[in-house]
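Please examine the sequence and the structure shown below. The report that follows describes selected residues, the overall fold and a pocket.

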Amino acid sequence: MLGTQVASAVDIRAARPDDDEERVRLFLGSLSRATLTNRFFVGLGRPSASLVRAMVARDDRRDALLALHGDSVIGHAMSHLADGACGVEAEIGVVVDDRWQNLGVGSRLVRTLLRRASVRGAVVVGMDVMTENRRVLAMVRRAWPSATIDTQGTSVEIKARLAFAEQGSVGSPLTM
């Protein structure tokens with residue numbers, strides 16, 4: 001029941017560079033140090049204008065999505081497409097407000113982001129995760145059991161075939 005309530009209370013949409021910078025800046029300022037470290041690998045102070053602009057930028061290689069509850073950003077996801085050894089790779093990053101974690105918001109952002117990346121030709125998804133981010137690593141193992149996981153010091157590099165990563169997802173991508 002709670003998952004259904006959360007799903008209906010959260011909207012996922014593409015970031016709008018001209019309209020969303022202030023919302024994203026406020027969102028970043030509300031995150032705990034642990035959440036900021038898990039996403040950016042460092043605790044941020046006041047987010048720079050260039051970071052906020054990068055987080056809402058969208059073009060032929062970059063995509064950015066927001067999860068909103070009312071007018072407030074509660075989650076952010078972004079991808080960058082690049083040519084890789086196995087075809088086009090979508091490198092992704094996701095962060096969800098501490099109060100909204102473990103309610104499916106991050107999963108919805110990832111599924112939507114991967115559908116959109118697939119439309120743009122991505123065949124592989126990649127992400128870097130802190131080794132102590134056990135929640136995300138457990139999700140990766142459940143969702144993508146055949147993913148390659150390469151530990152490099154305090155971070156883990158994950159790669160998975162997008163066709164497998166998208167298995168079971170439904171719906172069409174949001175309007176590009």
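## Histidine 76

Histidine 76 counts as buried because its relative accessibility is 0%; buried means under 20% relative accessible area, exposed means over 50%, and partly exposed lies in between (1.4 Å probe, protein chains only). The residue belongs to strand 3, which covers residues 72-84. Helices (H or I, at least four residues) and strands (E, at least two) are DSSP runs, numbered from the N terminus.

The side chain of histidine 76 comes to 2.6 Å from the backbone oxygen of methionine 55. Not counting residues up to four places away in sequence, histidine 76 touches Phe27, Met55, Ala64, Leu65, Leu66, Gly93, Val94, Val95 and Leu109. Contact here means heavy atoms within 4.5 Å.

## Basis of the model

The model is predicted: local features need pLDDT of at least 70, side-chain atom pairs count only at pLDDT 80 or more, and totals for chains, interfaces and linings use all residues. Residues are numbered from 1 along each chain as its sequence is written, and side-chain values use heavy atoms, with hydrogens and water left out.

## Overall fold

The protein contains seven helices and seven strands. Along the sequence, their order is α-β-α-α-α-β-β-β-α-β-α-β-β-α. Of the 176 residues, 41% count as buried.

Among contacts between residues at least 6 apart in sequence, 63% join residues at least 24 apart. The protein exposes about 9200 Å², of which carbon and sulfur atoms supply 51%; accessible areas come from the Shrake-Rupley method with a 1.4 Å probe, and for residues only the protein chains shown count as cover.

## The largest pocket

What is the volume of the largest pocket? The value is about 850 Å³. On a 1 Å grid over the protein atoms alone, a pocket is an open set of points where a 1.4 Å probe fits, with protein on both sides within 12 Å along at least five of seven lines; lining residues have an atom within 4 Å of a point. Grid points are joined across faces, edges and corners, and a volume is the space filled by probe spheres set on the points.

The lining of the largest pocket consists of 32 residues, and Val94, Val95, Val96, Asn133 and Val136 lie nearest the pocket centre. Helix 3 (33-40), strand 4 (87-96), helix 5 (105-119), strand 5 (124-130) and helix 6 (134-143) each supply at least two lining residues. Strand 4 gives the most, with six residues. By class, the lining has 16 nonpolar, 10 polar and six charged residues. Ala, Val, Leu, Ile, Met, Phe, Trp, Tyr, Cys and Pro count as nonpolar, Asp, Glu, Lys and Arg as charged, and the others, Gly among them, as polar.

## Two loop residues

Valine 10 is placed in the loop between helix 1 (2-9) and strand 1 (11-14). With 3% relative accessibility, valine 10 counts as buried. Leaving aside neighbours within four places in sequence, valine 10 is in contact with Ala67, Leu68, Ile74, Trp100, Val105 and Arg108. The C-alpha atoms of valine 10 and alanine 67 are separated by 6.3 Å, although the two residues are 57 residues apart along the chain.

Asparagine 102 is found in the loop between strand 4 and helix 5. Asparagine 102 is exposed, because its relative accessible area is 60%. The phi angle of asparagine 102 is near 70 degrees, a positive value in a residue other than glycine.

## Methionine 139

Methionine 139 lies in helix 6 and is partly exposed, with a relative accessible area of 21%. Methionine 139 and serine 107 are 32 residues apart in sequence, and their C-alpha atoms are 8.9 Å apart in space.

Methods:
A polar contact is a pair of N or O atoms within 3.5 Å; within protein, one must be able to donate a hydrogen and the other to accept it, and residues adjacent in sequence count only if both atoms are side-chain atoms.
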